[in-house]
2 protein chains.
Amino acid sequence: MKTGILGGGQLGLMLALAGFPLGLQFVFLDPKRDAPAGRVAPLITGDFDDPACLDELASRVDCVTFDFENVPVAAVRRLAEKRPVWPPVAALETAQDRLLEKTLFTRLGVPVAPNVAVDSRDELIHAVAKTGLPAVLKTRRMGYDGKGQYVLRTQADVEPAWQALGGVALLLEGFVDFAYEVSLIAVRGRDGHTAFYPLTQNTHRDGILRLSRAPLHEPALQQAAEAHAGRVLSELDYVGVLAIEFFVVADQLVANEMAPRVHNSGHWTIEAARTSQFQNHLRAVVGLPLGATEAVGEVAMLNCIGSEPDPAAVAAVPGASLHLYGKQPRPGRKVGHVTAWADSAEGLSQQLARLQPLVDPQADGS
Amino acid sequence: MKTGILGGGQLGLMLALAGFPLGLQFVFLDPKRDAPAGRVAPLITGDFDDPACLDELASRVDCVTFDFENVPVAAVRRLAEKRPVWPPVAALETAQDRLLEKTLFTRLGVPVAPNVAVDSRDELIHAVAKTGLPAVLKTRRMGYDGKGQYVLRTQADVEPAWQALGGVALLLEGFVDFAYEVSLIAVRGRDGHTAFYPLTQNTHRDGILRLSRAPLHEPALQQAAEAHAGRVLSELDYVGVLAIEFFVVADQLVANEMAPRVHNSGHWTIEAARTSQFQNHLRAVVGLPLGATEAVGEVAMLNCIGSEPDPAAVAAVPGASLHLYGKQPRPGRKVGHVTAWADSAEGLSQQLARLQPLVDPQADGS
């Protein structure tokens, strides 16, 4: 079975590494000649909206998936005429637009922050009146890693926010005063079976995920998150991994956003789940039964942002696993991650105390 | 860092899959155009003793290792003139010759079965008198998976054994009436540090490994095995993974043979050890600190011999991981393996009860 993957970044690379043992083969399409997945599988270099590249990809594979959510919907539609594409186009469209996403969540009874569509300065002023301040103005489309967002704290921020983001479709969201952030990695097979990983607690800085820790050990939140995700999966007739990020506010979940793909906060599943998110995504896409999603022990993942840590220093920490993506380091870029994995929360904390100075020296030790 | 690997079979494939996350790259040399590792890394197709191929390999990599023990020593010597080669040539030479191997073990105080070199019919007759019957006549070189062996039960077997194997250097070994077989996967870094995985219990049929189960939970045997292996590693100034197979006889270990490479009985470490044997071999070869070798939970590995199991049936067993090597199935050929991994021995047995009929229908359920 050959699977085409739109996008050959680190997620594509890790999909391939998880798929080879199943006997799967891969062909990638990515605009970048040095895309990480090209180190391990054939790579078609070209734009996602280049019909010739899309047709070549379709001709070389049995089914198609994608490794990020900003691939053009038209490209996926074109592919879907020739080969099965999972997750479904509707999920991709929804995830690409914060308004559609919030609307879907609300329709399915998944709590979200108050939000108002904004297409003009006047609408922004009215929206602020509705949500109150503070609030966050976000582009409806193409946002990731905190890009395309502006926090409004006082009325004086309204005009600068409009200056910064105005001109494209926007959404104003009421500020959520959350205790912490979590994510749920969910997966649904072609046969409709679903599985859910334990909730992961995530720490961001400058809009970029720095630290994920699992499992959360909050059964009520786990149950609520699974119920929410189950409705989304079912509504979208979803196939593959879906990640949903939630704020935790007074022991309740408020959905922030979803990603119709494998997710950074699920990288820990490579070491510490019975089946990794990458393999489960592929099992879903190619029509195999899903694997067990339980966590084994206590685990944390640290992103390597902007530079690679010293491999020898990381390797010297017992229980640590280094993952480098083969990307040219530059500020703000995810170039790798390190997984710490232990029997106990104490053991994990000891590992993290050694790893954080190596991987993320600016972390506050949280 | 680029590593050259002599041999691109499933062991080479799994080395590459374990090395990519460390940012390592690989070039393989293998006589077979369809060698499994060629699916994920550049493959030079040519004989191991072809000087042009060896020189090309050396020119493209920083260091060299091998994925099986029957590569010609002369080839490794040629490579070693240009690039560091690990494990060391001396270990390869010793492992290629049962007499050298047994002599080394004996010199280091590692118990072995009584054994006598045999180069003629007369020597065979004298050897039988020394070891007694039953005994096993083995070729000194190029044996694997039970090939090149003949069991002598009575004097009447002497002549047929000689007819079957005579003409090459042989070794007669006294029969070891063992309770069961185990193996130790040991690893030594460039810095001389050593690490040992928990002992694995192995079940063979027709000379081929069928089932490995770990950890053994016999601390005295573990301690003895580590002491034996530690002396061998040190004596050979070894770098990389070394596997030693032992018979267990009346709670004592009797060394059978060693393999200077990653080993079939260590495949379970991919899922159920903090660091897999594959990654630890590479860490050693490229000079990184070794990773933790402890087992996580209870684990078993079933070899897929001669045919691939139905992937959907295997995937439907929770906790099971399928590894297919992309090899053309034929009788007696290892084409994949399945790992079963659980919290408890009971959970593991339940998984095995479901997996054995799928993977190895002839197994007796042991």
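**Figure 1. Right-handed crossing of α2(B) and α3(B).** In this predicted model, helices α2(B) and α3(B) cross with right-handed geometry. The contact involves P51(B), L54(B), L57(B) and A58(B) on the α2(B) side, and A75(B), R78(B) and L79(B) on the α3(B) side. By residue class, six of the contact residues are nonpolar, one is charged and none is polar. Helix α2 of chain B spans residues 51-60 and helix α3 of chain B spans residues 73-80. Their axes lie 10 Å apart, at an angle of about 40 degrees. The two helices are therefore classed as oblique to each other.

Figure 2. L17(A) belongs to helix α1, residues 10-19 of chain A. The residue has 24 other C-beta atoms within 10 Å; because the cut-off for a buried residue is 20 or more, L17(A) counts as buried. With neighbours within four places in sequence set aside, L17(A) is in contact with V40(A), L17(B) and F20(B). A37(A) is 20 residues away from L17(A) in sequence, and the C-alpha to C-alpha distance between them is 9.2 Å.

**Figure 3. L242(B) in the largest nonpolar core.** The largest nonpolar core has 204 residues. L242(A), L242(B) and I244(B) are the members that touch the most others. Contacts of L242(B), leaving out neighbours within four places in sequence, are P87(B), A186(B), A229(B), V232(B), L233(B), M258(B) and P260(B). In soluble globular proteins, nonpolar side chains tend to be buried together.

Note on methods:
Residues are numbered from 1 along each chain as its sequence is written. Chains are lettered from A and ligands numbered from 1 in the order in which they are written. This is a predicted model: local features need pLDDT of at least 70, side-chain atom pairs count only at pLDDT 80 or more; totals for chains, interfaces and linings use all residues. A nonpolar core is a set of buried Ala, Val, Leu, Ile, Met, Phe, Trp, Tyr and Cys residues joined through C-beta atoms within 7 Å. A residue is buried if 20 or more other C-beta atoms lie within 10 Å of its own, exposed if 12 or fewer, and partly exposed in between; C-beta atoms are placed from the backbone. Two residues are in contact if their C-beta atoms, placed from the backbone, lie within 7 Å. Axes are lines fitted to C-alpha atoms, for helices over the stretch in contact, and angles run from 0 to 180 degrees between N-to-C directions. Helices (H or I, at least four residues) and strands (E, at least two) are DSSP runs, numbered from the N terminus. Angles under 35 degrees count as roughly parallel, over 145 as roughly antiparallel, 65 to 115 as roughly perpendicular and the rest as oblique. A crossing is left-handed if the near helix is turned anticlockwise from the far one by less than a right angle, and right-handed if clockwise. Ala, Val, Leu, Ile, Met, Phe, Trp, Tyr, Cys and Pro count as nonpolar, Asp, Glu, Lys and Arg as charged, and the others, Gly among them, as polar.
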